Amino acid sequence: MSPDLLLQPMTLRTIAHSDISEFSRKNLTSSAATVQFTLIHGLFNLYSIMNFTRLFCKLLLNTARPQTLCTRIQTIRLKSTLPHLSSVMMSTNLRILVDMDGVLADFEGHFLKRYQEKYPREPYINVADRHGFYLNEQYAKIKPELKDLVFSVYEEAGFFLDLPPIAGALETVKELDNMNDIDVFICTSPVQKYTHCVTEKFQWIDKYLGNDFVTRMVLTRDKTVVSGDLLIDDKPNITGAEKNPSWEHILFTTPPNSRIQSNPSPRRLNGWHDRDSLNRIIESKRKEKFVKIIECQN
Ligand SMILES: [Mg+2]
């Protein structure tokens, strides 16, 4: 890795953990004073950019001789600091949180199919006629006892595991995750009777996206406390303990939320085929993040 690379703020997000480890190993074992200085200089820039531990930077800058520099580095256990440093740099990546039900998996369509199989004599609501986020509320308006029938369908074993993927979801999520500056996490809320739901959500992600994504699953009833840049979710109003979540909510359009207006209204993604909107959203978020990095630097 060229020393100059460390001086360029915009290249930070492209520096992989392995690069840093390799770079530090080579330089810490070298006796060349110039190489040691390069390492110090590079580290100063990294810490400065992230507005991180300015005292540490001053300590390094005020040190006169390269040999002393090396000693001080070892004293403060630089090697153990480097993995942390790389994790700071990785946080410059765009973190996209993706909901499961209604965004990756076709909850509404699968519910209707199972409901009709289970209760063929009961009234039902076509997906296109669904409105409002909660199924049970709309069914209860037909007759109150349907509310419990709704619960009985999606609390049954196998319901969540058998959900079919939404068109384009898997391909797009993998594509996003393969980009150098984007990390995708799955962020999903289990139903309150979670006996089957929780396990099956993990199995579903493993089956369709692979084990690597299983390690990046966040199951929570409160998504406001999860950190990210974007949250792609079909729930119109996402509230919780954190009044100012770090993410921007992107409303994934589905029939139940297509007519819902909220204030302020979130930006929408009208399906995974809506690549123009997705690209626009990501690009605007990249610029926003870059401005934040520059502000930190200053
Ligand atoms: Mg959802």
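Reply: Happy to! A handy rule to begin with: a residue is buried if 20 or more other C-beta atoms lie within 10 Å of its own, exposed if 12 or fewer, and partly exposed in between. Keep in mind that this is a predicted model.

Me: OK, so where does Glu-122 sit, and how exposed is it?
Reply: Glu-122 is in the loop between α6 and α7. It has 14 other C-beta atoms within 10 Å, so Glu-122 is partly exposed.

Me: And what does Glu-122 touch, leaving out residues up to four places away in sequence?
Reply: Glu-122 touches Leu-146 and Leu-149. Leu-146 is 24 residues from Glu-122 along the chain, and their C-alpha atoms are separated by 8.3 Å.

Me: Let's go to α6. Which of its residues are buried?
Reply: Phe-107, Glu-108, Phe-111 and Tyr-115 are the buried ones in α6. Looking down the axis of α6, these buried residues fall within an arc of 85°, so they line one face of the helix.

Me: Nice. What do the buried residues of α6 pack against?
Reply: They pack against two helices, α7 (135–142) and α8 (146–154).

Me: How do α7 and α8 pack with each other?
Reply: α7 and α8 pack at an angle of about 145°, and their axes are 7 Å apart. Their crossing is right-handed. On the α7 side, the residues are Leu-135, Asn-136, Tyr-139, Ala-140 and Ile-142, and they meet Leu-146, Lys-147, Val-150 and Phe-151 of α8. Sorted by type, the residues of this contact are seven nonpolar, one polar and one charged.

Me: New topic: is Met-100 buried or exposed?
Reply: Met-100 has 24 C-beta neighbours inside 10 Å, so Met-100 counts as buried. You'll find Met-100 in the loop between β1 (94–98) and α6.

Me: Which residues is Met-100 in contact with, apart from neighbours within four places?
Reply: Met-100 is in contact with Ala-105, Ile-186, Thr-188 and Lys-201. Also, Asp-234 is 134 residues from Met-100 in sequence, yet 9.1 Å away in space, C-alpha to C-alpha.

Me: Last one: how many helices and strands are there in the protein?
Reply: The protein has 12 helices and six strands. Buried residues make up 25% of its 298 residues.

Conventions
Residues are numbered from 1 along each chain as its sequence is written. This is a predicted model: local features need pLDDT of at least 70, side-chain atom pairs count only at pLDDT 80 or more; totals for chains, interfaces and linings use all residues. Helices (H or I, at least four residues) and strands (E, at least two) are DSSP runs, numbered from the N terminus. The arc is that of the directions from the helix axis to the C-beta atoms. Two residues are in contact if their C-beta atoms, placed from the backbone, lie within 7 Å. Axes are lines fitted to C-alpha atoms, for helices over the stretch in contact, and angles run from 0 to 180 degrees between N-to-C directions. A crossing is left-handed if the near helix is turned anticlockwise from the far one by less than a right angle, and right-handed if clockwise. Ala, Val, Leu, Ile, Met, Phe, Trp, Tyr, Cys and Pro count as nonpolar, Asp, Glu, Lys and Arg as charged, and the others, Gly among them, as polar.
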